[in-house]
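The sequence and structure come next.

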Amino acid sequence: GNPELPTAVNITWSSINFKTILQWQPKPSGYFYTVEIHGQTSNTRKKCIQTTEMECDVTDAVRNVKETYTAHILSVTSSRMDNFEEPPFAVSEKFTPYNQTVVGKPEIQNYTQKGSKLNVVFQDPLTPYTFPNGSFLSVRDIFQHDLEYRLYYWKDQSSGKKAETSRSHTFEVSVDSTKNYCFYIQGNIPSRRENRNGQESLVLCTSVGRHTLDEYRAEVFIIIAVVTIAVITLAIVLSVILCKHKKAKPAREKELLNTA
């Protein structure tokens with residue numbers, strides 16, 4: 001080996017929706033890193049050859065997601081890559097994508113609160129892997145029945161949460177029709193011992209109460225406008241009548257004096 005070259009430390013695997021990044025330290029100076037991915041049954045794959053970065057995207061090298069891998073991070077110089085001398089290297093912890101990747105945020109596509117029912121429709125997170133036709137596999141395509149989702153919901157401005165579980169893309173839960181509700185969705189893999197819970201979706205809130213209030217306000221504004229127009233019209237009519245009456249009174253008085 002070449003003990004004069006530093007080896008990588010603090011090696012970590014970071015994986016969300018099977019997009020897997022290997023990270024380490026320190027920043028190289030005067031040498032490079034080359035990553036080797038070793039699987040239990042697959043051939044060794046070289047990635048990020050002679051890189052000066054401290055991370056490497058190894059997603060395509062760990063595509064057999066149920067296999068367990070280790071990464072060897074070699075410290076090399078450009079001149080030593082051509083000979084048979086083994087460079088110094090550091091070894092990562094073991095990594096199994098199926099057991100360790102984090103399920104990312106589900107995307108909420110649509111939600112409605114009609115009467116006492118809250119309906120939520122969402123989409124699975126996509127992975128970097130593709131079908132033969134080029135479309136991306138979702139996490140559900142890989143996890144199959146091991147994946148479920150939980151809807152957490154609560155009355156707006158309340159802290160008491162309720163939860164419902166589904167293996168489909170929809171939720172329908174009973175709610176108080178007079179209250180607004182907030183909610184989010186989270187993927188879950190019950191078969192795992194660790195990393196069971198995925199990332200939480202955005203928190204969204206219904207606005208049934210506010211819509212009703214807006215409609216009520218609109219009706220009130222219309223009534224007020226109609227009454228205001230009627231009052232103004234009546235005032236104008238009365239003003240015209242009074243004005244004519246005032247003009248007619250002196251004429252009558254003059255006519256009476258002339259008659260006398």
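Four strands form an open sheet in the order β4-β3-β6-β7, with antiparallel pairing. Strands β4 and β7 are its edges, and each pairs on one side only. Neighbouring strands are turned by 15° against each other on average, direction ignored. Such angles lie between axes fitted to C-alpha atoms, for helices over the stretch in contact, and run from 0 to 180 degrees between N-to-C directions. Strands here are DSSP runs of E with at least two residues, and helices are runs of H or I with at least four, numbered from the N terminus. Two strands count as paired if DSSP finds at least two bridges between them. In general, strands of a sheet pair through backbone hydrogen bonds, either parallel or antiparallel.

The model is predicted: local features need pLDDT of at least 70 and side-chain atom pairs pLDDT 80 or more, while totals for chains, interfaces and linings use all residues. Residues are numbered from 1 along each chain as its sequence is written, and side-chain values use heavy atoms, with hydrogens and water left out.

Take β6 first. How many bridges join β3 to β6? There are eight, and the two strands run antiparallel. T34 stands opposite L74 in β6. V35 faces I73 in β6. On to β7 (residues 89–91): three bridges join β6 to this strand, again in antiparallel fashion. Here H72 stands opposite V91.

β6 is mostly covered, with eight of its eight residues buried. Buried means under 20% relative accessible area, exposed means over 50%, and partly exposed is in between (1.4 Å probe, protein chains only). From β6, Y69, A71, I73 and S75 point one way. T70, H72, L74 and V76 point the other way, and all of these residues are buried.

T51 is buried, with a relative accessible area of 13%. Which residues does T51 touch, not counting those up to four places away in sequence? They are W24, P28, F32 and Y33. Contact here means heavy atoms within 4.5 Å.

**Salt bridges**

A salt bridge needs a side-chain nitrogen of Lys or Arg within 4 Å of a carboxyl oxygen of Asp or Glu. By this rule the count comes to seven.

| Pair | Distance, N to O |
|---|---|
| E36 and K46 | 2.5 Å |
| K47 and D60 | 2.9 Å |
| R140 and D124 | 2.8 Å |

E36 and K46 meet in a salt bridge at 2.5 Å. The pair links distant parts of the chain: E36 sits in β3 (residues 32–39) and K46 in β4 (residues 45–51), ten residues apart. E36 counts as buried because its relative accessibility is 14%. K46, at 43%, counts as partly exposed.

K47 and D60 form a salt bridge at 2.9 Å. K47 lies in β4 and D60 in the loop between β5 (55–57) and β6 (69–76), so this pair ties together parts 13 residues apart in sequence. Buried or exposed: which is K47? At 15% relative accessibility, K47 counts as buried. D60 comes to 40% and counts as partly exposed.

R140 and D124 meet at 2.8 Å. R140 lies in helix α2 (residues 139–143), and D124 is in the loop between β9 and β10 (126–130), so the pair ties together parts 16 residues apart in sequence. Both R140 and D124 are buried.

**The three-stranded sheet**

An open sheet of three strands has the order β8-β9-β14, and its pairing is antiparallel. Why is one side of β8 and of β14 left without a neighbour in the sheet? β8 (107–114) and β14 (170–174) stand at the edges with a single partner strand each, so one side of each has no neighbour there. The twist averages 15° from one strand to the next. Five bridges join β9 (residues 117–123) to β14, and these strands run antiparallel. Within this pairing, the bridge partner of N119 is E172 in β14.
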